Amino acid sequence: MIPELGQIALILALCVALVMGVLPLIGAHQGNAALMMVARPAARCLFGFVMLAFMCLTYSFIVNDFSVLYVASHSNTALPLYYRITAVWGSHEGSLLLWALLLSGWILAVSFSFRLPETFVARVLAVLGLVSTGFLAFVLFTSNPFERLLPAPLEGQDLNPLLQDPGMIIHPPMLYMGYVGFSVAFAFAIAALLSGRLDAAWARWSRPWTLAAWAFLTVGITLGSGWAYHVLGWGGWWFWDPVENASFMPWLVGTALIHSLSVTEKRGAFRSWTVLLAIGAFSLSLLGTFLVRSGVLTSVHAFAVDPRRGVFILALLVFVIGGSLLLFAWRAAKLSGGGSFDVISRDTALLTNNMLLAVVAASVLLGTLYPLALDALNLGKISVGPPYFEAIFVPLMTPVVVLMAAAPFLRWKGHPLPPFLRKVLPGLVASLIVGSLVAWAMGALSWRSALGLALAFWVLIASAMLLRERLAERPSTSYFTRLRGIPLAWWGMWFAHLGIGFFIIGVTMVKSLEASADVKMQVGETTTMAGYSFVLRSVEDVHGPNYTASRARVELKRDGIPISTLYPEKRIYTADQTPTTNASIDTGLFRDVYVSLGDPVANDGWIVRLYYKPFVSWIWFGSMMMAFGGMLAAMDKRYRRLAERHAAKAAAAVAAA
Amino acid sequence: MRVEAFKHGLLMLLMTIALSSHAATQPGDAALDAQVIRITSNLRCLVCQNQSIAESTADLANDLRRQVREQLQAGKTDKEIVDFMVTRYGDFVLYDPPLKAITLLLWMGPFALMVLAIGSFAWTSQQRKKQPSARLNDTDRARAKELLNTHDDASEVHS
Amino acid sequence: MKAKALVPLALFLVLVAFLAIGLTRDPHEVPSPLIDKPAPDFKLTQLQAPDKSLALKDMKGQVWLLNVWASWCVACREEHSVLLDLAQRKLLPVIGLNYKDQREDGLAWLKASGNPYTISIADSDGRVGIDYGVYGVPESFLIDRTGRIRYKQIGPVTEKVLNEVLIPKIQELQHAS
């Protein structure tokens, strides 16, 4: 009964989405208020129905209803309750439903935005309604999670063991919040294109939504990277895998977008570029969905494949992206103009970085799809992996980071060069010196480590200088008042940039100082690496709720003093007999020591993988700081106040007319 | 490629530094380990496909690691070992695609894009400086002309 | 509408074309660089007669099929009946490369399900397999009179592959002098 209820709720949701996608659009076009009024209640209905469907599926998992094919294929009675709940989005069908749910959540939030003009809201909700229609149709026609399996099996299969990890509980929802969140920025851009009015107000309205989506995406990517580090057992945190690239491309374009929006808001400039980025960020999110779910690329993360799905998403891509780019081409002529500015100005700095970020995103896209394109042209099969992406990424991102930290010192429109140089040059030189010195002191002086550390120190030094300059603005008041007087958007920028500094420290340190060893160890034997000694004390069999495991006890010592005991496991999940490695990590502020258990060898011996990862946690700390910055900026009251004022003005104008 | 040679040199240097303390305790073996890891981490495993041969636990990856180790012991150079893999599995095993005619666009693309982006940005800014604003009707244009004669900042009127 | 504004759309459509073609391809299949190249040399002991061996040069002058198989290989069972069928037609010698297998297991498997091979050779440590670029079992190599690899089947030889690809190629190679 419950699965059927979910099924009906989904069908109703599709109908509501279609109504929401069509009527308000007509209403906005004809100036028909009654039709436009449909949008808000429809948005709430949509959320209600999708939520109901999602709850029904969750319920089926909780009560182990194996007559539902999706439940039977991805869960069993031995699976702990919390993993039964997260198993809902553990595979293709359910994760798509989660996607639809989060999309309707964003739509719900937009429907409570009363500060925007009614026509505009109607258009935004209609665009979002059309996107929802596409996704709900995709769920219903190609990936129905409620499909029955009769007669029901007594026991289900298992959730992919790699996904039975706490990181997996929140990683997909966060990532999807980001992907889907860009649909709001996208809808704002399309609504503005439809109305032909792309002005500073549009940019201001878009900013908090875009920032929030960007922050979620940042958290999602960070969690995904942390999950790979913990679960895959290779000690890596970023593999330039197609699926990772699929999430990284929208992030890059989204980063460009939040900066470009600020230029458009403050200066009215580069509007067509901003619109293109708004379309691009969401398009790349959709493209990522296609790459992950169609099976065109192989990846460690890819979902099971059904060619029908690929065709459906491709059609969806053509409709959404093709349609919006066509609209863009049609309206582009209206988008030129905006204030002029000098070569040395914040405008130039921001837009240069924008360009570079877009180039990086395009390069990642090129590298990800190049093998596919060659194969399609019958030119052979090649692989494009980390060496390529690193060779491209580092030289392109270096100027971005240098400019990023310098740009806040520049004024909009134009800035005299000598005082600017006087301000930033000492900091730049200092960071080069400090960076090289630190690299040398750590015993890893190389071109790359010195550059990385110099960049990181430049970000830290510039952030400190920037805060000092900001606090010097109102010298008569107390520090506390001055700190409080700084708007949240500024703090957001400050924290996000600082986070990049920490991130670079982490990456540089890991890349230049990490050590690893693949050793055969007998029980009782000791191995040393990077100043640590590892004693394999024992290997025992343990039984989990749905797996059996060999668990090693490894004593970690430094200078003969025990530091901690690590318990790496090699698990075999009973349902499908897949082996997984569960690494055990001694996490520290300045280093991780990472042990993972490989295969047994003769005479009580085991292959053990040991890694020493200096500063690795700074990578995630820095990324979370970026996300925190994004959230702070999204909460800035200024956007709301200005939007309110604008709406009041518009209302007054309507009343006067 | 020069970048390539440089990168390899750099990596070797880093590895030697990072493992120097380690190498002291287990002479020979650890250095060989590091060399095996360095070479195999840029080779793609064919069975699992999205792991490097260094990372993969697949049986074939194991055998290939052994191959690399034996060839290193036999004194083969990196290039010889990589060529050994390519003759058997094709360019597919290389995570670092070699520069040849079909990968020209791949390697040049990003930098060509950058030049294109900077160029078009510079060009647009130039255009923007010349033109006050694109959205003008006739009366606007007349007014702008008037203002242009008196003000430098005519574009601000419409922004 | 300005022409410049159509650039993003045009680029997107090119991308769609590639993605559409990509949908029809299998990304797991890696073509062998050994096609039309001389088959790698080998000399291995025979599975059934461990005192005898077989080398590449013993096969010179005839068109033959090298089939990589193992008793632990599940997909090999799928092609087994097709191989038995091929063996019955006596078109060409079919040499089995028993890849990374225990001798007893291999023999037991042949005894239980029939032996399609003219001779099977034992590649217990998988070195010859590596030389031939084997990455998934079963794989089959069609080798011509001069000892060049002319075709490689990755995955099971199905009835369709046998009749539509292999047999025409075998006949073509045998007729060529």
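Predicted model: local features only at pLDDT ≥ 70, side-chain atom pairs only at ≥ 80, totals over all residues.
**Overall build and a helix pair in chain A**

In chain A, 57% of the 657 residues are buried. Laid along its principal axes, the C-alpha trace spans about 90 × 75 × 60 Å. As for contacts with a separation of 6 or more, 75% of those in chain A join residues 24 or more positions apart.

A pair of helices gives a closer look at the packing. Helix 3 of chain A (residues 39-62) packs against helix 7 of chain A (residues 118-142) at an angle of about 35 degrees, and their axes are 9 Å apart. The crossing of these two helices is left-handed. On the helix 3 side, the contact is made by Ala39(A), Ala42(A), Ala43(A) and Leu46(A); helix 7 brings in Val121(A), Ala122(A), Leu125(A), Ala126(A), Gly129(A) and Ser132(A). Sorted by class, that comes to 8 nonpolar and 2 polar residues, with no charged ones.

Then there is Pro416(A), which sits in the loop between helix 14 (386-406) and helix 15 (417-441) of chain A. Is Pro416(A) buried or exposed? With 10 other C-beta atoms within 10 Å, Pro416(A) counts as exposed, because the cut-off for that label is 12 or fewer. Between the C-alpha atoms of Pro416(A) and Thr548(A) there are 68 Å, and the two residues are 132 residues apart along the chain.

Technical notes. Residues numbered from 1 in each chain as written. Chains lettered and ligands numbered in written order. Axes fitted to C-alpha atoms, helices over the stretch in contact; angles between N-to-C directions. Helix = DSSP H or I, 4+ residues; strand = E, 2+ residues; numbered from the N terminus. Left-handed = near helix turned anticlockwise from the far one by under 90°. Contact = placed C-beta atoms within 7 Å. Nonpolar A, V, L, I, M, F, W, Y, C, P; charged D, E, K, R; others polar. Buried ≥ 20, exposed ≤ 12 C-beta atoms within 10 Å, placed from the backbone.
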